[in-house]
Amino acid sequence: MSSKQARSEERAEHWIGAALAAHERGLTLYALRLLGDIERARDAVGETFLRLCKQPRDDVEHRLAEWLYTVCRNQALDVLRKEGRMSTLPAENAADIQSADEPHTAAIERRECASRVMDAMEALPNNQRDALLLKFQQGLSYKEIARVTEETVGNVGWLIHTGLKKLRDRLGDEAWKGIEA
Amino acid sequence: MSTRREDTHPADDPIVTAYALGELEESERAAVETRMAADPRAAQAVAEVRRAAEQLEEHLAAQSAPGLTDAQRERIEGAARDGGQRVIVGRFGSGRWKRVAAAASVVMVVGIGALLFQRRFAAPGEEWLAARRASPGSGAVTLGRAERASTAARYGGRTLTTKGAPAPSSESIIGAFSVEGEAESFGHVTDGLVDDLSGEAYDPIDGNPFLRAGDAPLSTFSVDVDTASYSNVRRWISDGSLPPADAVRVEELVNYFPYDYAGPDGPHPFATHVEVAGCPWEPRHRLVRIGIKGREIDEAGRKPSNLVFLLDVSGSMNDPRKLPLLKSAMGMLTEQLGANDRVAIAVYAGAAGLVLVPTPADNRWAILEALERLEAGGSTAGAAGIELAYEVAREHFIVGGNNRVILCTDGDFNVGVAADGSLVRLIEKKAQSGVFLTVLGFGTGNLKDAKMEKLADKGNGNYAYIDSRLEARKVLVEQMGATLETIAKDVKVQVEFNPLAVEGYRLIGYENRLLAARDFADDTKDAGEIGAGHTVTALYEVVPVGAGLEVPGLGPLRYQENGRPTNAAFDGELLFVKLRYKEPEGDESTLIEVPVSDAGGSFFEADGELRFAASVAAFGMLLRGSQHLGKTTLDEVADWALESTGDDPGGYRAGFLELIAATGELRKE
């Protein structure tokens, strides 16, 4: 192998490594929401990064988050479609994946308020929840979300507006305070 | 973003939310800021959205996620080193590869496709299809070609028709079959494969047979712009099963793809292009392609629309692939419409009702809000809904405009006028009012494909099957003109074959669009519509005279070789294409005539559009188990498609290559 080739491979590895470090956890959380169990979520995310390795860097890097969430989402939806079901993570499982190294009581408190918000999130229609997660958990813009979910930008705006409003209506001020604590 | 109603409370306005989240362009920002200055409620709404967003972000950030396993990370790092090549092909081979993400480039698909085809499709299609048909454990043997032809003849070719896409439960399958006879004797269906008990009952209905040009010089059919069969077939294959033969309507597969034909420059609303080339699956035969391209209508030239959506919200629509997909499809469509267009929404379930009175289409929020309120439940009273929708459409009829009812359903009408016959008659009567019909099919399981196709056919309309948002985008955004704007109606094609040049011929597909020869000039006989920018493609397989060939399935005649020819027959023409159409609001048809000669070019010299159409037709015939394909393999079909993808705007042809690849995987399993 020529040294030039070795260098270019090293760079490629470095690029993928950086993408992995930046997005691995966010993607897994997102896939977990869609798929409901960690093993399948990991499969979907793993597959997404394997696809990424195949992409020309210049084509993808400037829209990396959008690309990753699109591919990951399609992976997850394919799994659901193949299994003939479209369900999402039940609230109790969401609580189970809270960080293990938190102090015990803090974890319980957090879990309680988390589960209130999670319940409210769960009660939303799939497309609203999806848009809220991509916006507020993954930090994607309306335009990026539109491309990931194949919705129009206007629709995304409406989904986020409506989803956020429903959350506020359902939770009231108390639940929100609990989160800040 | 579109206009909002001035009386909307700022807290209910998505624009205000978008502003608070920093999602607006500068010009839009200024408008909201003006509003905030004038209305303290707007300022308060912005502050509230920001607070809620911050809290939600904080909460979601507190969720910690487990990442990948070390083994997974190692694999990815390994793949990064070798550019992913080995790994991707490996995934492909494992059968888990499903589809290339929307973001992946066409070039990549073609590249992988080429690799895959070399490796995988070695088995001849005939053997494979025959093996698929033989039922293991029932003692049935693989039927040879001749035996299949004879059983097809025994069942009259068309007697046993499986209509639509059976669900993977045997009870609903029998229900979905339209069988003129006893349903009990036809075995069962598992996992999408038709397993027969006798080895013959599910023998496929072969496509149109070869006809002798001397006996039957005229071939007449109605154009078909439906595309539902392709997306339905794709859904079957991506769900991991091969579709039943009768879910495959070859002309709908071919017409799913846009073709690059030149538009009309004369007085007619569409242009007709006829090309003759070698037939790829039988090189001694000729392939005739009739291509029709409807006039394009740009945004400014679009007629105002009066659209009445008739949405099925019955219990059977309560499925992620139905109602939610429907809502999102409607959202996309609404975004394409403007202030001159009107949208109304009627629903039907147990009872029919109007949930949105005709509303200017630029009031998107009102439309989206009405959609969001919809919930599925109750049984389906289709007829009452249809009555209501046509009534609303007629009341708000726009003269010279596009008046259309858009029926969105899984077709499972089960209350009221449910019998196919009376529903069809109802639609037929309604169609006379000048209101066109679009049928959008949703969902799986109890999709009543045949019923929906028939409704669209009789209702001066078209039928598309929506299996994904991508498909919704194709039908309702990219091809909105073709779907919603009729430029010619009752379009009929009649081809006269010159018996001095043509021994025999076969129309590929269009089996349920055939017309009697005398219906061609009969303006009271309904036929298909062409939409703006639409392309329609029909293929004939022709057996030329003088090659010492027999017409397959028909022996030589003892007393005659040909009818007595006219002088024109000696001009060397192969055939004569005639088309008739009416203007969208006209009653009298116009005739177009195109004489066609054969320059003798081979298949590989033909233009890419013809070659691609031929590959799709061959794929359809392969899925149907057609006996006309000879020893053609999926591998060859893939090659023809690969070499004719052209520019592929929209990437649909790349998607077809994936579908072939997935079919290859299924064949292996």
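Modeller: Two terms come first: pLDDT is the predictor's confidence in each residue, from 0 to 100, and a contact means heavy atoms within 4.5 Å. This is a predicted model, in which local features need pLDDT of at least 70 and side-chain atom pairs count only at pLDDT 80 or more, while totals for chains, interfaces and linings use all residues. Residues are numbered from 1 along each chain as its sequence is written, chains are lettered from A and ligands numbered from 1 in the order in which they are written, and side-chain values use heavy atoms, with hydrogens and water left out.

Biologist: How many contacts beyond four places in sequence does the model have for residues 1-5 of chain B?

Modeller: Chain B averages a pLDDT of 73, and 74% of its residues score at least 70. Over residues 84-205 of chain B the pLDDT is below 50. Where pLDDT is low, the predicted coordinates should not be read in detail. Residues 1-5 of chain B also stay under 50, and their contacts beyond four places in sequence number 17.

Biologist: At what angle do helices H2 and H3 of chain B pack?

Modeller: Helices are DSSP runs (H or I, at least four residues), numbered from the N terminus. Axes are lines fitted to C-alpha atoms over the stretch in contact, and angles run from 0 to 180 degrees between N-to-C directions. For H2 (residues 26-38) and H3 (residues 40-62) of chain B, the axes are 5 Å apart and the angle is about 115°.

Biologist: Are B:Phe619 and B:Phe656 buried or exposed?

Modeller: Buried means under 20% relative accessible area, exposed over 50%, partly exposed in between (1.4 Å probe, protein chains only). Both B:Phe619 and B:Phe656 are buried.

Biologist: The ring of which residue does the charged end of B:Lys474 sit over?

Modeller: A charge sits over a ring if NZ of Lys or CZ of Arg is within 6 Å of the ring centre and within 35 degrees of the ring normal. B:Arg653 lies over the face of B:Phe612, at 4.3 Å from the ring centre. For B:Lys474, at 3.7 Å from the centre, the ring is that of B:Tyr256.

Note on methods. Helices (H or I, at least four residues) and strands (E, at least two) are DSSP runs, numbered from the N terminus.
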